[in-house]
Amino acid sequence: MGELLADHTTLRLGGPADYWLTHTDPASWPEVVQAVAGRRPFILGGGSNTLAGDGGYPRPVVRMATRGITARTVGDSKVEVTVHAGEPLACTVAYAAAEGLSGIEYLGGIPGTIGAAPVQNAGAYGQQIADCLTSVTAWDWDRGHTVRLEATACQFRYRSSVFRAQPSRWVILAVTLHLSRSQRAAPVTYKHLAQALDVPLGSRPPLAEAAAGVIADRQVRGLTLPDSGPDMRQAGSVFLNPPVTESQANEVRAAGGRTYRDRDGVLRASAGWLLEQCGYGPGRHVAPGVYCSTRRTLTVTARDGATATSFREGLRSMARTVCEASGIELRPEPVAPLVQTRI
């Protein structure tokens with residue numbers, strides 16, 4: 001039997017990989033390419049956004065575990081920071097805050113690696129990785145060599161990118177960010193964060209205080225991975241905030257919900273609110289061994305008796321209930337190798 005994917009995902013679900021490799025040395029990537037012998041692998045970072053199939057994965061799996069951060073001054077106030085793909089995003093944010101570098105301070109507490117962040121254009125509290133990303137060093141399976149993609153080539157959108165659209169083509173090896181030297185954070189644009197930091201909206205709190213406040217606020221709202229307890233096995237938010245028509249948006253607002261336009265101008269509603277209108281809530285049983293977390297509806301957890309199949313069926317049931325009630329289609333957020341991602 002191969003390496004169990006359940007041992008490398010935060011849901012603790014998944015069968016054995018056909019062939020397992022852990023990539024730790026950036027210089028050895030050509031050896032990894034040679035080892036998989038032309039079979040394009042599934043790339044695994046921290047496993048925090050992955051639903052692996054019960055039957056495992058019949059192709060190679062490469063866990064990206066390369067670490068390291070380097071910085072280069074660019075001008076008077078800018079610093080170019082290059083981070084190897086396996087570096088945890090949380091460690092990258094902590095490094096930037098400690099070095100007095102602003103640009104990613106509101107991304108603290110998001111699980112996973114920096115290499116995974118561009119895939120879904122990770123974001124929180126009004127910041128997203130695309131805001132400061134200048135380039136990605138990636139392996140292109142189609143061309144058979146390493147390439148440097150500028151930010152525009154990454155095709156960033158709401159929780160998406162070219163890497164999510166073409167997952168079998170790309171392997172992110174390193175990420176380069178353009179950060180600003182500053183002891184002040186970016187302006188606070190989220191009301192509840194302003195309240196948590198006890199600062200006015202639009203203000204720029206001290207960088208270190210903002211970074212610490214984000215993590216504290218995420219912990220209070222159940223947005224971090226706990227080390228123990230019933231919510232320990234999870235993949236974070238399981239649905240993207242769905243796009244809605246003007247008519248659907250009017251119905252949502254009339255019922256007390258909120259809609260907004262993302263940075264691409266797409267009108268969206270809250271997936272969590274839609275689920276709550278259908279009777280889902282914290283602690284709700286969804287499927288065998290599968291529950292909404294005890295803290296928030298949009299985080300779904302695996303407990304004793306859960307399988308990847310039951311987790312997938314639980315998400316399918318939740319999405320179907322919302323669609324029947326509102327006509328709005330929810331899309332799953334976790335990446336699912338060997339599992340149907342459409343629910």
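Guide: Let's start with β5 and β11, which pair in the antiparallel sense over 7 bridges. This is a predicted model, where local features need pLDDT of at least 70 and side-chain atom pairs count only at pLDDT 80 or more, while totals for chains, interfaces and linings use all residues. Residues are numbered from 1 along each chain as its sequence is written, and side-chain values use heavy atoms, with hydrogens and water left out.

Visitor: What makes β5 and β11 a pair?

Guide: Two strands pair if DSSP finds at least two bridges between them, and β5 and β11 have 7. Strands themselves are DSSP runs of E, at least two residues long, and helices are runs of H or I of at least four, numbered from the N terminus. Along this pairing, Glu 80 stands opposite His 178, and Val 83 has Val 175 as its bridge partner.

Visitor: Which other strands pair with β11 in the antiparallel sense?

Guide: β9 does, over 7 bridges, with Thr 137 opposite Ala 174. Strand β6 (residues 101-102) also runs antiparallel to β11, joined by 2 bridges; there, Ser 102 is the bridge partner of Ser 180.

Visitor: Why is β11 called largely enclosed?

Guide: Buried means under 20% relative accessible area, exposed means over 50%, and partly exposed is in between (1.4 Å probe, protein chains only). In β11, 9 of the 12 residues are buried, so the strand is largely enclosed by the rest of the structure.

Visitor: What about β4 and β5, what do they form?

Guide: A hairpin, with 3 residues between the strands. β4 (residues 69-74) and β5 pair in the antiparallel sense over 6 bridges, and Val 74 has Lys 78 as its bridge partner. Gly 75, in the turn, has a positive phi of about 80°.

Visitor: What makes something a nonpolar core?

Guide: It's a set of buried Ala, Val, Leu, Ile, Met, Phe, Trp, Tyr and Cys residues joined through side-chain atoms within 4.5 Å. The largest one here has 42 residues, and those with the most contacts inside it are Ile 104, Tyr 106, Phe 163, Leu 177 and Leu 179. Its largest share, 5 residues, comes from β11. A second, separate core of 32 residues includes Phe 239, Ala 271, Leu 275 and Val 290.

Visitor: How do you know that Ser 293 is buried?

Guide: Its relative accessibility is 2%, so Ser 293 counts as buried. Ser 293 lies in the loop between β16 (290-292) and β17 (299-302). Leaving aside neighbours within four places in sequence, Ser 293 is in contact (heavy atoms within 4.5 Å) with residues including Asp 231, Pro 282 and Thr 299.

Visitor: How do you divide up the lining of the second largest pocket?

Guide: Ala, Val, Leu, Ile, Met, Phe, Trp, Tyr, Cys and Pro count as nonpolar, Asp, Glu, Lys and Arg as charged, and the others, Gly among them, as polar. That gives 7 nonpolar, 9 polar and 2 charged residues.
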